[in-house]
Each structure stands twice: as C-alpha cells, then as structure tokens.
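Please look through the sequence and the structure below before reading on.

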Amino acid sequence: GFAKAHVNLGALLQNERGDLDGAEQAFRAAVEADALDAQAQFNLGLLLHMQEEFDGAEEAYRAAIVVDPGFADAHSHLGHLLHNERNELDAAEEAFRTAIAHEPGHAKAHSNLGLLLQCERQDLSGAEASYRASIAAAPGNKPIRTQLGMLLEQRAGENTRSGGDMATAAALYDECAQLWAASQGANAKMTLRAKCNAALTYLEAPKNVGRAMGLWREMAEQP
C-alpha cells in the first residue's frame, strides 16, 4: 500500500542518497497513511534518534511497540535511548529484557543489557552472561569480544587483589588475551598486557608453567 511505498522511499533516501530531510518526510507520510504500520513508526524513530531528536524518537519507538508488542528491535532501541539519553536505568533494563524475551537471539539487546549491568549496576557476572549471549548470537561481533575482554580483565584484577584463586585469575587473563587478539578495537598493547598478566599469574600457586611458557612464546612472536 501507500505506507509501504513511503517506507521504501524513505529507506532509499536515507541509505542511498543521504537525504535525511527527505527520508523523514517519507517516513512521516507512511505513518500518516497508516498509523498501524509498526515498521514505519520504527524507521521514523531510528532517523529521529540518529538526529538526536530524542522526544520524537521515543514517541515513535513506543508507537511501534503499541502496534506490535513483540517488535524486539523497537524495544532494544528504546532501551538504548532510555539508558544513554534519559538515564532511566530500570526502564532501559526492562526494555532490553523484553526485547530478549521476544527474540532470544537478539545480539544487540544482549550487548546493551551487558553494558548497563557492567557500567551502571556493577553486576559483572550478569554482564558477562549477557556478552556471551551476544557473541553466541552474533559470533562475528568483534567489538563485543573486546568489551567482554575488558570485563574479564576487571574480574581477574579484582580476584587477584582480593586474594582469590590464582588459577581462576590466570584463566580470566588468558581468555581476555585470546578475545582481544581476535577483536577489533583492542590494540596489540592491550593483548600483550593481558598475556603478560596471565603468564605471571600462571606462575603463582597452583603453577601452570607450561601455559605460562606458551604465552611467553606468543608474546615473543607478536609483532
């Protein structure tokens, strides 16, 4: 119908022409033609969000959800806006969890929930579970591997400082290094630091000299 044609035109203008004003007009025309078109509402929300028109974006996301309560992308983007622009943490967490409930493999909702749990709640175990779920859903998502590596490094450091099990700390540093080695956003110095920490920790009780030596060899061969 007319609404779908306007949505397609808006997507073309935004993605192919970079004409954001024209795209907004097309998405608004789609909503006017059919207020029950959830995709039109959502696309309008995305565009307004990108242009930092947060009130309009939130209204559009919520309109899409009213039409289609199971629209996981709308819940996830609403959560992102509520977290980053409103600091409404409870509402943002609920939005992410709702997105995941409707689409368990929604990688972005898992990663955004992980960031909220790590940075706002200091819930490292919950954040780790969310990051791992995100990676399971989208194995090629290298930035989230970097974030998980940072969390594991944080956990390893806290474990060491609190006198915890050194084998656990070493394994955390080790996995951190492997994640960073395969990630974009993690530079060689970060990977080297994690490998060094892992190797040194493996030399503590209980010793794992073999793995420590393996890491030293990897560091020697690292460009």
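The sections below take up some helices, a helix pair and several single residues in turn.

## Basis of the report

This is a predicted model, in which local features need pLDDT of at least 70 and side-chain atom pairs count only at pLDDT 80 or more, while totals for chains, interfaces and linings use all residues. Residues are numbered from 1 along each chain as its sequence is written, and side-chain values use heavy atoms, with hydrogens and water left out.

Helices are DSSP runs of H or I with at least four residues, numbered from the N terminus.

## Helix α1 and its buried face

Helix α1, residues 2–17, has 16 residues and reaches 21 Å from its first C-alpha to its last, close to the 22 Å expected at 1.5 Å a residue (the expected span being 1.5 Å times one less than the number of residues). Within α1, the residues A3, V7, G10 and L13 are buried, where buried means under 20% relative accessible area, exposed means over 50%, and partly exposed lies in between, with a 1.4 Å probe and protein chains only. Seen down the axis of α1, its buried residues fall within an arc of 130°, so they line one face of the helix; the arc is that of the directions from the helix axis to the C-beta atoms.

The buried residues of α1 pack against α2 (20–33) and α3 (38–50), contact being heavy atoms within 4.5 Å. On the other side of α1, N15, E16 and R17 are exposed, and just after the helix G18 takes a positive phi of about 70°.

## Helix α7, enclosed by others

Because 10 of its 13 residues are buried, α7 is largely enclosed by the rest of the structure. Among the buried residues of α7 are H110, N112, L113 and L116, and what covers its buried residues includes α5 (72–86), α6 (89–102), α8 (124–137) and α9 (142–161).

## The pair α8 and α9

The axes of α8 and α9 come within 10 Å and cross at roughly 150°, where axes are lines fitted to C-alpha atoms over the stretch in contact and angles run from 0 to 180 degrees between N-to-C directions. That makes α8 roughly antiparallel to α9, a description used for angles over 145 degrees. The contact is made by residues including L124, Y131 and I135 of α8, and I144, L148 and L151 of α9.

## Two buried residues

L78, which has its place in helix α5, counts as buried at 5% relative accessibility. Leaving aside neighbours within four places in sequence, L78 is in contact with E58, Y61, R62 and I65.

K195 lies in helix α11 (residues 188–202) and counts as buried at 8% relative accessibility. Not counting residues up to four places away in sequence, K195 touches A177, Q178, L215, E218, M219 and Q222.

## Positive phi in two loops

Most residues other than glycine have a negative phi. E52, although it is not a glycine, has a positive phi of about 65°; E52 is found in the loop between α3 and α4 (54–67) and is exposed, with a relative accessible area of 59%.

N87, in the loop between α5 and α6, has a phi near 55°, again a positive value in a residue other than glycine. N87 is exposed, with a relative accessible area of 52%.

Notes:
Parallel < 35°, antiparallel > 145°, perpendicular 65-115°, else oblique.
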